[in-house]
Amino acid sequence: MKSPSLWILLRFKRACNSQEEEEEEEGGEQDIGEKEENNIKYSFHIGWYRWAQTMPFAIDEINRNPGLLPNVTLGYSIYDSCLTLGVAFRSAFSLISGREERFRLDESCVGSPLLCIVGDATSIASITISRILGLYRVPLVEAVLQIIRRFKWTWVGVLYIDDEYGGNAARLLQSDLARSGLGCLAYSEGLALDSDPAELRRIVGVMKTSTARVAIAFAYGNYMVDLIEEVVRQNVTGLQWIGDVAWTNDANLQTPEFMPYLRGMLGIDVRRGVLPGYKDFLSKIHPGSDPNNSHESSIARQFWEHTFQCKFPPLPSEWADAGGSVCTGQEDLATSGTALLDVSNLRAEYCVYKAVYAVAHALHDMLQCVPGRGPFTGHSCATLQTVQPWQLAYYLEKVNFTTSFGDQVSFDENGDALPIYDILNWVWLPDGSAEVHTVGVVKKSASAGEELILDEDRIFWSFESTKPPRSVCSESCSPGTRLARRKGEPVCCFDCIPCSEGEISNETDSTECTSCPEDFWSSPQRDHCVPKSVEFLSYHEPLGISLTTISLLGTIICAIVLGIFMYHRDTPMVRANNSELSFQLLLSLILCFSCSLLFIGRPRLWTCQLRHAAFGISFVLCVSCILVKTMVVLAVFKASKPGSSDIMKFFGTIQQRGTVLTLTSIQAIICTAWLVSASPTPHKNTEYNSDKIVYECAVGSTVGFAVLLGYIGLLALVSFLLAFMARNLPDNFNEAKLITFSMLIFCAVWIAFIPAYISSPGKYADVVEVFAILASSFGLLLALFGPKCYIMLLKPERNTKKAIMGRAATKT
């Protein structure tokens, strides 16, 4: 059998007596406020009495358990805080100061101090005691935060009773919201203790004008009644209420009048548990069940008198005169219909039960300490005879056990019990009343941390929709935008600014946009980067196809003209116009048309290096042939005059070939020097269009390109001047007019090319250059060979020596 050793104390509130009894109990003076408070007569509260009975139930269960605290019997003492803050404060102070008496069951039992207080039933008294005994925290706020996080409510209002309990809860909620970034408070209003009607009207007016759709209230039921009455008067509907333990189960609020406004309320209450055997224990309560504890016996007598509406002797005179019944102690609780035996909603009782077991487990662990291996100074252990409250607290913080109901009981690093709360939902019934359903649980465990388990399908919402309401100051910024704070407003109020071109945001509520990598650009939605489109003069686009077709057409026409000239090479028309140079000129034009193809397609190193060299050499070859033809025309004319017969020895076939080769070689040297010193290379240009990569050939050396063009221009200018000087010579001896016209076209095209090329971005610079090549090539082809082909093909009678000589005679 266990030997009695230790006592623990339960504080709870019950009916207090008159002011005079309170003063006798405290033995001191009270101020006017306390006197007014104590003048109130409180009725006996069955629920509070049932809470108190959990202590002896749990202790009796522990004392009968051989596996927990063997050879140790726990005792208890129940005290009344009388719903008075001063009484709770002074009682707690007397406990820690050593003024509380020691207890012993009999002379053989060793006395022991009161080491633990379980209570009080009110938050105010609990806060007062906790300020003396340790750090106060409100785990309830954790549960509210879990719900806010679950439904993404970032814009909420808070109402709180203006006392220690409500003020602490509101401040903690506000700081936790700000620290976690979950949301902001649209308003935070304190409910005055005097329930001033004007102040209530102002507060409800704030709620009515606010855009927040969620209202959280930390207040007691009677204050909530006054508030909701004002809500009804101002007809403030469409709010999602979140209630705390102080009013979640208050029947005074679950009325047909209030339910249109409070329907769908989500309440947080302490965990409901099941205590096997508890109802049987309560049914055995009797006024004389504990004769050794007069205080307990007194409370039981009050309960008995309240339940059976009788009085124990000696009877008060007014009771006897009124014919009141006398309590015999034999009345039957089972037939009394008392709410004491209703164990369907054990919440505070379950908390007391867990608290008592936590103390028992801490004591059990303490008694397992091995001397010399203890946690205290010198590796000492605590004993029942010398244990101090702080030593018990050491073991209490390390307690970890699971109740028969399946809940884990342990403490965190701050010494706070890991909280567990039920989430309740008010369902509006057809008759206007309310039914409270448990729809989830919020708990915190040492392994999994904070956890919200919620059955959303069972929740009855206060809105017509079956989905939770939206309560935000500003809607979330979607990907592709960035969040911009509104000056002077809470952080939850912001604007969504679209990201600039080339920047993206791929997260909701992103605070900034990030730039895409160099070869990427933002999508039209600005939510991801896409590879930049590549632009160059392609064979597959209409412009590239057109230029390719024209280039090939020019090449084919040149080949045809070359074939015509080869076929008619022995005719006077071909022989009279220096057939060898004509063939060279046609071959060079074929090269000119063909080199334009190097400017089409994706730029590569070899095409970039070859395109300008091929272009420069081909056109110099072409212009050189024209220049030599012009010089030959002038030489023939000079040779036909008396005394000038020796001039043609300088313009023989060898000299003509040498001149063309020399002039062309100079251009070849220029190209070689350019390629060696600063070779053109492929280049990705993003300056023209930020969203595109323009593939182009960087010229490498602008001077080299200028010299190449300048040399072609110089030869063309000289050819033009010589041809212009010989334009009036007889037709049979020269092509001066045709050369003049062809050089005029050639020079005009390339003079216009320079500004057009400089001002054209990207691929259009290549288009301009290809166009200039094709235009000048066609100009030379048509001007020089068009009339001759016309005569050879369509007017063969004019392609005779007689016809040519006749025209020459006519001209002379």
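Is Glu199 buried, exposed or partly exposed? Glu199 is partly exposed, with a relative accessible area of 25%. That value comes from a predicted model.

**Salt bridges**

A search of the whole structure finds 20 salt bridges. Side chains of opposite charge can pair when their charged atoms come close.

| Pair | Closest N to O distance |
|---|---|
| Asp176 and Arg179 | 2.4 Å |

Arg202 and Glu199 both sit in helix H8 (residues 197-209). They are three residues apart, so about one helical turn separates them. Arg202 is partly exposed, at 37% relative accessibility.

Asp176 and Arg179 lie in helix H7 (residues 164-180). They too are three residues apart, about one turn of the helix. Asp176 is buried, with a relative accessible area of 13%. Arg179 is exposed, at 64%.

Asp422 counts as buried because its relative accessibility is 2%, under the 20% cut-off. Arg271 is buried as well, at 17%. Both belong to a network of salt bridges that links Asp269, Arg271, Arg347, Asp407 and Asp422.

Helix H3 (residues 46-63) has 18 residues. From its first C-alpha to its last, H3 reaches 26 Å, close to the 26 Å expected at 1.5 Å a residue. H3 is mostly covered, with 15 of its 18 residues buried.

Strand S23 (residues 681-685) pairs with strand S24 (residues 692-698). The sense is antiparallel, over five bridges. The two strands form a hairpin with six residues between them. In this pairing, His683 stands opposite Glu696 in S24.

**Surface features**

Which residues form a nonpolar patch on the surface? Leu552, Ile556 and Ile560 do, with about 270 Å² of accessible area together. Ile560 is found in helix H16 (residues 542-567). Ile560 is partly exposed, at 48% relative accessible area.

Lys802 lies in helix H24 (residues 801-811). Lys802 counts as exposed, at 74% relative accessibility. Lys802 and Pro572 are 230 residues apart in sequence. In space, their C-alpha atoms are 9.4 Å apart.

Methods: Residues are numbered from 1 along each chain as its sequence is written. This is a predicted model: local features need pLDDT of at least 70, side-chain atom pairs count only at pLDDT 80 or more; totals for chains, interfaces and linings use all residues. Side-chain values use heavy atoms; hydrogens and water are left out. Patches are made of residues with over 30% relative accessible area and no salt bridge: like charges are joined within 9 Å, nonpolar side chains (Val, Leu, Ile, Met, Phe, Trp, Tyr) within 5 Å. Accessible areas come from the Shrake-Rupley method with a 1.4 Å probe; for residues, only the protein chains shown count as cover. A salt bridge is a side-chain nitrogen of Lys or Arg within 4 Å of a carboxyl oxygen of Asp or Glu. Helices (H or I, at least four residues) and strands (E, at least two) are DSSP runs, numbered from the N terminus. Buried means under 20% relative accessible area, exposed over 50%, partly exposed in between (1.4 Å probe, protein chains only). The expected span of a helix is 1.5 Å times one less than its number of residues. Two strands pair if DSSP finds at least two bridges between them.
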